[in-house]
Structures are given as C-alpha cells and as structure tokens.
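Here is a short briefing on one protein model. Keep the sequence and the 3D view side by side as you read.

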Amino acid sequence: MVQFAESLDNMANIHTAILLLLLCSQLSDAKFCWKKIGGFVAGTAATAVMGPIALAGMGFTAAGIAGGSLGAAMMSSGLPVAGLQSAGAAGLSHSTMAAGGALTAWFFDCD
C-alpha cells in the first residue's frame, strides 16, 4: 500500500513538473517574465486556498455531499459529481493547484 501511495505522489509530481514546463514554454523569447511567474504563483495559491472553500460552499465536504446543497441538487439531477466529491473529501491534488496557476499565468502578457 505504501508503494502505491508513493507512486501516486510521484505521478502528482510529474504532472506538476509538466505544468511548470508548459508555463516556461509561455515565456517569450526565453526572457524571464515576472508577470507570468507571479501569475502562476498567485493562481496556484488562490486555487489551493479558494478551491476547498468553494467546494465546501457547494456542499462537497469531507463527510460527503451535504443535504440541500448545490452538490445534492447536482447529484439528484444526474450530473457526474464523483470528481468534485473526491476533491471535497480528500482535498485538491498538486497537479490541480498547478493547473490553476498555469491557467492564471496564461492571462498575463510579457510583451
């Protein structure tokens, strides 16, 4: 079981490294772009902090989907909520946080 957990952690690190490489590829003319780096850091931090708050606000908690919440309404209408429920229970992965940072960095222009 420990090996399985270590391999999952290694996969998360690989995903994070790939997203960082994608961010670096966005640098124009190989210049160091503080706007993109700052956007990546800010986006990652915002995803790490606001993601769990947003999930809990929608009703996806560690105890399961809260009754009478948006999550419960989504589930009763047949929408797939397994990923949101998993993130609400276990937290966001490193690669999800890095994806939030990469998406934020994409909006910043270095020209």
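At roughly what angle do the axes of helix H2 and helix H5 cross? The answer is roughly 140 degrees, and the two axes come within 7 Å. Bear in mind that this is a predicted model.

**Overall layout**
- The protein has five helices and two strands.
- Along the sequence, these elements run in the order α-α-β-β-α-α-α.
- The protein has 111 residues, and 27% of them are buried.
- Take the contacts between residues at least 6 apart in sequence: 68% of these join residues at least 24 apart.

**Where H2 meets H5**
- Helix H2 spans residues 34-58, and helix H5 spans residues 94-106.
- Angles over 145 degrees count as roughly antiparallel, and 65 to 115 as roughly perpendicular. The crossing angle is roughly 140 degrees, so H2 and H5 count as oblique to each other.
- The crossing of the two helices, H2 and H5, is right-handed.
- On the H2 side, the contact is made by Lys36, Gly39, Phe40, Gly43, Thr44, Thr47 and Ala48.
- On the H5 side, the residues include Thr96, Met97, Ala98, Gly100 and Gly101. Ala102, Thr104, Ala105 and Trp106 of H5 also take part.
- Sorted by class, the contact of H2 with H5 has eight polar, seven nonpolar and one charged residues.

**Alanine 46, a residue of H2**
- Alanine 46 sits in helix H2.
- Alanine 46 and glycine 100 are 54 residues apart along the chain, yet their C-alpha atoms are separated by 8.0 Å.

**The annotated span**
- An unreviewed UniProt entry carries the annotation "transmembrane region" for residues 40-66.
- In the model, the span of residues 40-66 is 70% helix and 15% strand.

**Serine 69, a loop residue**
- Serine 69 is in the loop between strand E2 (64-65) and helix H3 (70-76).
- Why is serine 69 classed as buried? Its relative accessible area is 15%, and buried means under 20%.
- Which residues does serine 69 touch, leaving aside neighbours within four places in sequence? Serine 69 is in contact with Met58 and Gly59.
- The C-alpha atoms of serine 69 and glycine 59 are separated by 5.1 Å, with the two residues 10 apart along the chain.

**Phenylalanine 107, after H5**
- Phenylalanine 107 lies in the segment that follows H5.
- Phenylalanine 107 has 60% relative accessibility, so it counts as exposed. The cut-off for exposed is over 50%.
- Phenylalanine 107 and lysine 35 are 72 residues apart in sequence. In space, the C-alpha to C-alpha distance between phenylalanine 107 and lysine 35 is 9.5 Å.

Methods. Residues are numbered from 1 along each chain as its sequence is written. This is a predicted model: local features need pLDDT of at least 70, side-chain atom pairs count only at pLDDT 80 or more; totals for chains, interfaces and linings use all residues. Side-chain values use heavy atoms; hydrogens and water are left out. Axes are lines fitted to C-alpha atoms, for helices over the stretch in contact, and angles run from 0 to 180 degrees between N-to-C directions. Helices (H or I, at least four residues) and strands (E, at least two) are DSSP runs, numbered from the N terminus. Angles under 35 degrees count as roughly parallel, over 145 as roughly antiparallel, 65 to 115 as roughly perpendicular and the rest as oblique. A crossing is left-handed if the near helix is turned anticlockwise from the far one by less than a right angle, and right-handed if clockwise. Contact means heavy atoms within 4.5 Å. Ala, Val, Leu, Ile, Met, Phe, Trp, Tyr, Cys and Pro count as nonpolar, Asp, Glu, Lys and Arg as charged, and the others, Gly among them, as polar. UniProt positions are given in the numbering used here, feature names are shortened, and annotations may be inferred rather than shown by experiment. Buried means under 20% relative accessible area, exposed over 50%, partly exposed in between (1.4 Å probe, protein chains only).
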